[in-house]
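Please view the structure alongside the text.

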Amino acid sequence: MKTFLSIGTGPGMGIATAERFAREGFRVILSARNQARTQALAARLQEKGLEAHTQVVDASSPYEITKLIAAVESDYGLIDVLHYNAANLREATIADQPLSTFNEDLAVNIGGALAATQAILPAMCKRGAGTILHTGGGFALYPSPDFLSLSIGKAGIRALVLGLYESAKAKGVHIATVTVAANIAPDSPEATAVAEQFWALHNQAKAAWTSELNFSA
């Protein structure tokens, strides 16, 4: 059975994407800081007869992310698909936001994405297979002064994916992002639509791989 690891699983795009892969026969591992909420999300999938497990992780900590990936590989074997979905959605201008919280936001919004990619990419390259998916955002293209830390984080996600795409592809690994230019509510048709785009990226034939799909409501 193939394994799908979601980091920063939430009630919108995170769980919708995990369910999309679970419906294709993947074992899914959901992870986030709040254990109770993550277990509740896993229970929703289990009630549908899908295999779902949970882990606790602080996406701002490179150590915890590296430990999480090692634990999943130890328990379930190689990770076939990693989905980084964590983000701090803080509304604050540069004048309003203290530097301390700005750095905290970036640790999740881009630092965790980098740590997860660093931790999983070598093993995928070694076996010449794997998919790394990152949830991007429209703020990467049209940054908002009212959501500055999120805008910088999503710009970082896009740069990370586009910067690594060709070198990863040469080693058989597909790294890609869905740039989501919309507000996505939990359990919404839009969340399901974004999940379909993540599945489409993973399911592309190698000759047709792309690094980015865009979603707008």
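β1 and β2 run parallel and are joined by 5 bridges. Strands count as paired if DSSP finds at least two bridges between them. Strands (E, at least two residues) and helices (H or I, at least four) are DSSP runs, numbered from the N terminus. L5 has I29 in β2 as its bridge partner. Between β1 and β2 the chain passes through helix α1 (residues 13–22), and this β-α-β crossover is right-handed. Right-handed means that, with the strands pointing away from the viewer, the path from the first strand over the helix to the second runs clockwise.

| Pair | Sense | Bridges | Bridge partners |
|---|---|---|---|
| β1–β2 | parallel | 5 bridges | L5 and I29 |
| β1–β4 | parallel | 4 bridges | I7 and Y84 |

This is a predicted model: local features need pLDDT of at least 70, side-chain atom pairs count only at pLDDT 80 or more, and totals for chains, interfaces and linings use all residues. Residues are numbered from 1 along each chain as its sequence is written, and side-chain values use heavy atoms, with hydrogens and water left out.

In β1, 5 of the 5 residues are buried, so the strand is largely enclosed by the rest of the structure. Buried means under 20% relative accessible area and exposed means over 50%, with partly exposed in between (1.4 Å probe, protein chains only). T3, L5 and I7 lie on one side of β1, F4 and S6 on the other.

Now to helix α3. The buried residues of α3 include I65, L68, I69 and V72. They cover an arc of only 95 degrees around the axis, which puts them on the same side of α3. That arc is taken from the directions from the helix axis to the C-beta atoms. Exposed Y63, K67 and S74 sit on the face turned away from the buried side of α3. Among the elements covering the buried residues of α3 are β1 (3–7), β4 (81–84) and α4 (99–127). G77 follows α3 and has a positive phi, near 90 degrees.

The largest nonpolar core has 29 residues, and L5, I7, I65, L82, Y84 and I132 touch the most other members. Such a core is a set of buried Ala, Val, Leu, Ile, Met, Phe, Trp, Tyr and Cys residues joined through side-chain atoms within 4.5 Å. β1, α3, β4, α4 and α5 (148–170) each give two or more residues to this core. Its largest share, 7 residues, comes from α4. A second, separate core of 28 residues includes F4, I15, A22 and A52.

Definitions and conventions
Contact = heavy atoms within 4.5 Å.
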